[in-house]
Amino acid sequence: SDEVKNGKPAPDLLIRLSEDLAIPTGKILMIGDHEVDSLMAFNAGAHSISVGSKHLSSDDWVSNLQELLDLNLE
């Protein structure tokens, strides 16, 4: 986060990642456990999965990491 001007929930981190990896933000999946993670993804136009509890800005959620591993993300 020290390489961008604004931290979460601003989209700067995901936009920087998108630029560095030449991947459109719409192809990025943010996995996080706080609302700010989901908001950052939403603000960047990326997708998000919340771990632990559903956040309003998340695309989906899982209750634990094992559930995440069991998802078919294709």
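**Strand β2 and its setting**

A: Strand β2, which spans residues 47-51, is mostly covered, since 4 of its 5 residues are buried (buried: under 20% relative accessible area; exposed: over 50%; partly exposed: in between; 1.4 Å probe, protein chains only). Strands (E, at least two residues) and helices (H or I, at least four) are DSSP runs numbered from the N terminus. The model is predicted, with local features requiring pLDDT of at least 70 and side-chain atom pairs counting only at pLDDT 80 or more, while totals for chains, interfaces and linings use all residues. Residues are numbered from 1 along each chain as its sequence is written, and side-chain values use heavy atoms, with hydrogens and water left out.

Strand β2 belongs to an open sheet of 3 strands in the order β1-β2-β3, with parallel pairing (two strands pair if DSSP finds at least two bridges between them). Strands β1 and β3 stand at the edges with a single partner strand each, so one side of each has no neighbour in the sheet. On average, neighbouring strands of this sheet are turned by 20 degrees against each other, direction ignored; the axes are lines fitted to C-alpha atoms, for helices over the stretch in contact, and angles run from 0 to 180 degrees between N-to-C directions.

On one side, strand β1 (residues 29-32) runs parallel to β2 and is joined to β2 by 4 bridges. Within this pairing, Met 30 has Ser 48 of β2 as its bridge partner, and Ile 31 has Ile 49 of β2. Strand β3 (residues 60-62) is likewise parallel to β2, with 3 bridges between them, and Trp 61 in β3 stands opposite Ser 50.

The path between β1 and β2 includes a helix: β1, α2 and β2 make a right-handed β-α-β unit (right-handed: with the strands pointing away from the viewer, the path from the first strand over the helix to the second runs clockwise). Helix α2 (residues 35-44) carries Asp 37, which is linked to Lys 8 in the segment before α1, 29 residues apart. The contact is a salt bridge whose closest N and O atoms are 2.6 Å apart (salt bridge: a side-chain nitrogen of Lys or Arg within 4 Å of a carboxyl oxygen of Asp or Glu). Asp 37 is buried at 6% relative accessibility, whereas Lys 8 is partly exposed at 41%.

By this rule there are 3 salt bridges. Arg 16 pairs with Glu 3 at 3.2 Å, N to O. Arg 16 lies in helix α1 (residues 12-21) and Glu 3 in the segment before α1, so the pair ties together parts 13 residues apart in sequence. Arg 16 also forms a salt bridge with Asp 20, with the closest N and O atoms 3.1 Å apart. These two residues are 4 residues apart in helix α1, about one helical turn.

Leu 21, Leu 17 and Ile 23 form a nonpolar surface patch with about 240 Å² of accessible area together. Patches are made of residues with over 30% relative accessible area and no salt bridge, joining nonpolar side chains (Val, Leu, Ile, Met, Phe, Trp, Tyr) within 5 Å and like charges within 9 Å. Accessible areas come from the Shrake-Rupley method with a 1.4 Å probe, and for residues only the protein chains shown count as cover.
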